[in-house]
Amino acid sequence: MAELGSKGVTAGKIASNVQKKLTRAQEKVLQKLGKADETKDEQFEQCVQNFNKQLSEGTRLQKDLRTYLASVKAMHEASKKLTECLQEVYEPDWPGRDDTNKIAENNDLLWTDFHQKLVDQALLTMDTYLGQFPDIKSRIAKRGRKLVDYDSARHHFEALQTAKKKDETKIAKAEEELVKAQKVFEEMNVDLQEELPSLWNSRVGFYVNTFQSIAGLEENFHKEMSKLNQNLHDVLLGLDKQYSGNAFPVKAQPSDSTPAKANKSPSPPPDGSPITSPETKTVNHELEPSTLEAPGASIPKSPSQPAEAARAGAEAAGSEVAAGAEASKTEADSTSLPAVVVETFPATVNGTVEGGASSERADMPPGFLFKVQAMHDYTATDSDELQLKAGDVVLVIPFENPEEQLDVGATAMNSRLSKLQRDEGWLMGVKESDWIQHKELDQCRGVFPENFTERVQ
């Protein structure tokens with residue numbers, strides 16, 4: 001019996017809600033047709049417009065802030081790669097090697113600290129600020145429904161009062177419903193009339209604090225980074241001073257000003273056809289005395305310089321020219337071509353090797369790349385974004401771009417998309433639970449910020 005009673009109450013409530021919706025719909029139609037007057041509050045409507053504008057601006061600020069954080073993360077990775085390259089090329093016997101390693105470590109720590117502070121002092125504050133808007137938006141919508149109920153009750157009461165055949169019982173009941181509807185509406189209206197202007201005025205302080213925090217963090221970051229850059233500059237300056245007296249000739253390709261270049265004959269073409277370029281027509285394999293003396297002309301001969309040093313410089317220059325001429329002759333006599341190494345790779349389409357083992361399992365969505373797990377909650381702000389809870393597992397898939405896919409190979413396309421994802425900080429994916437349940441990408445997939453997740457597979 002209790003269950004039946006419970007079901008009866010539930011059924012009665014559903015019927016009441018349905019009746020309310022029908023009454024509201026009828027009232028709105030009459031108001032639009034001009035057959036029923038509508039209660040207007042221009043001051044409140046202005047507050048609602050301000051609220052919608054404030055919500056739009058806050059949502060855009062949140063999205064741009066996340067893009068900024070993704071850019072900071074990308075710059076961190078680029079800076080880290082650059083310092084790693086410096087550490088690799090810095091030879092052990094060069095002075096300042098330990099200093100460069102320490103600077104690289106501090107550089108990485110500074111970027112990490114900057115990113116984390118931006119998240120704590122700007123992004124989380126932004127999320128908290130926007131967290132209050134959904135509740136207020138819901139209350140505004142409810143206030144609108146209660147206003148329609150109030151107008152409908154008022155019109156019903158007025159109709160009964162002006163009827164030719166009056167029913168006092170119905171009039172009394174209609175009056176009671178009118179008073180009740182008016183009370184509910186006015187309570188919600190008063191609260192919102194006080195809260196909306198206060199929320200609108202608070203935006204100034206919030207924007208000031210947010211951008212002051214970002215500006216202060218940037219100022220401290222660049223100040224500390226400037227010190228590290230100055231330290232690196234000083235270390236490299238010391239390296240330059242120690243090795244400034246040493247020559248670092250480029251052996252692979254002499255410059256155009258050296259005599260060896262003028263006497264160098266190009267290798268013959270594979271088909272054995274004669275060389276008719278202007279350079280080969282003027283080749284002279286016999287070195288003139290003036291040619292040998294030309295490099296020595298660049299050696300300064302001052303009265304304070306010993307004659308032996310001058311002669312030694314001239315002899316060294318002559319030896320270098322002779323060596324260059326000998327190398328040119330050897331290259332001219334050689335008809336062999338350098339070996340060309342051609343690497344072949346299996347054709348791939350959307351990450352799958354043609355003719356080989358498939359890189360994706362049968363239970364994964366097409367183009368599956370890897371898995372990530374949400375480390376923080378993420379509230380979707382657009383229809384194409386995923387709503388995440390901490391602990392959710394997401395299957396990452398490539399972005400789709402059919403127009404570009406017609407122009408380039410699938411492998412190159414996937415590579416470009418992967419780079420795009422890293423640079424912009426957004427990934428495309430489908431929650432594992434949705435994929436297991438629906439096996440449908442069009443309804444379940446969406447984009448999400450990479451820095452809210454951690455790769456697990």
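## Helix packing and model confidence

Helices α4 and α5 run roughly antiparallel to each other in this predicted model. The angle between α4, which spans residues 133-162, and α5, which spans residues 168-242, is about 150°, and their axes are 8 Å apart. An angle over 145 degrees counts as roughly antiparallel, which is why the pair is described in this way. The crossing of α4 past α5 is left-handed. Sorted by class, the residues in the contact of α4 with α5 comprise 18 nonpolar, eleven charged and four polar ones.

Across the chain the mean pLDDT is 74, and 62% of the residues reach 70 or more.

| Stretch | pLDDT | Contacts in the model |
|---|---|---|
| Residues 402-423 | under 50 | 27 beyond four places in sequence |

Where pLDDT is low, the predicted coordinates should not be read in detail. For residues 402-423, this caution accompanies the 27 contacts that the model has beyond four places in sequence.

A further local feature concerns the backbone at K439. This residue is not a glycine, yet its phi is positive, at about 55°. Most residues other than glycine have a negative phi. K439 is located in the loop between α12, residues 432-438, and α13, residues 441-444. With a relative accessible area of 43%, K439 is partly exposed, a class that lies between buried, under 20%, and exposed, over 50%.

Technical notes: Residues numbered from 1 in each chain as written. Predicted model: local features only at pLDDT ≥ 70, side-chain atom pairs only at ≥ 80, totals over all residues. Heavy atoms only, no water. Axes fitted to C-alpha atoms, helices over the stretch in contact; angles between N-to-C directions. Helix = DSSP H or I, 4+ residues; strand = E, 2+ residues; numbered from the N terminus. Parallel < 35°, antiparallel > 145°, perpendicular 65-115°, else oblique. Left-handed = near helix turned anticlockwise from the far one by under 90°. Nonpolar A, V, L, I, M, F, W, Y, C, P; charged D, E, K, R; others polar. pLDDT = per-residue confidence, 0-100. Contact = heavy atoms within 4.5 Å. Buried < 20%, exposed > 50% of the residue type's maximum accessible area, 1.4 Å probe, protein only.
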